[in-house]
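I opened my notebook to keep track of what I looked up in this structure. Here it is, before my entries.

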Amino acid sequence: MLGDFAAIDFETANGRRTSVCSVGVVVVRHGEVCDSIYRLIRPRPNFYSRFNTAIHKMTRCDTDEAPGFREVWEDIRHRFDGLPFIAHNSPFDEGCLRAAHEIWEMEYPGYHFYCTVRASRRAFPHLPNHKLNTVALHCGYDLTNHHHALADAEACAAIALRIRHFF
C-alpha cells in the first residue's frame with residue numbers, strides 16, 4: 001500500500017518535454033496533505049506553442065521573469081526528498097523531469113513514479129474514460145482549474161488517497 005508521497009504535475013510551453021513552464025507539487029504524509037508548492041519556470045526553449053497555450057492559457061509574458069528549472073528545483077526539492085512521485089499519466093511528468101534535469105545539466109537522482117491513470121483503470125474500470133478531470137470528479141474532487149499545475153497535482157493527490165491500495 002502506498003505510504004507518503006508527492007503528487008506532481010508539469011505544464012510545458014511547447015512540444016518539448018524540456019519546456020516545463022510550471023510545476024505543482026502536493027506533499028502527502030500520514031494520509032494528509034501537509035505541503036503544496038506552485039512555481040512558474042522560465043522554459044527551455046523559451047517559446048510557447050499555440051496548442052499548449054490553448055490548453056493552460058500561459059504565455060511567455062507569464063514566465064519571462066521566472067527563474068529557470070535549476071533554481072526552482074534546488075529551492076523546492078528538500079520539501080519532498082525521499083518521497084515517491086504520483087502523477088496522472090506519469091510517463092509524461094517523469095519525462096519532463098528527466099528532460100529538464102538533462103538540459104539544465106543536473107544529475108537525475110532516479111525518482112520513483114506511480115501512475116494514477118494506471119491505478120484508476122484498475123480501481124474504476126466502469127468510468128467512460130480515465131482523464132484526470134473524470135477520475136478526480138469520481139473521487140470527489142472538482143477540478144475546475146484543470147491544466148493549472150497545482151490544481152492538477154491536488155486532483156492527483158486526491159485520487160491517490162482514494163485508491164492508494166491499487167498502487
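Which residue does phenylalanine 5 stand opposite in E2? I found that phenylalanine 5 stands opposite valine 28.

Ground rules I noted: this is a predicted model, so local features need pLDDT of at least 70 and side-chain atom pairs count only at pLDDT 80 or more, while totals for chains, interfaces and linings use all residues. Residues are numbered from 1 along each chain as its sequence is written, and side-chain values use heavy atoms, with hydrogens and water left out.

Strands: I took helices (H or I, at least four residues) and strands (E, at least two) as DSSP runs, numbered from the N terminus. Two strands pair if DSSP finds at least two bridges between them. E1 (residues 5-12) pairs with E2 in the antiparallel sense over eight bridges. E2 also pairs with E3 (residues 32-40), antiparallel, over eight bridges. There, valine 23 has arginine 39 in E3 as its bridge partner.

Turn: two residues sit between E2 and E3 in their hairpin, and histidine 30 in the turn has a positive phi of about 55 degrees.

Burial: I used buried for under 20% relative accessible area, exposed for over 50%, and partly exposed in between (1.4 Å probe, protein chains only). Nine of the 10 residues of E2 (residues 20-29) are buried, so E2 is largely enclosed by the rest of the structure.

Contacts: with contact meaning heavy atoms within 4.5 Å, I looked up isoleucine 8. Leaving aside neighbours within four places in sequence, its contacts include Val23, Trp73, Phe85 and Ala153.
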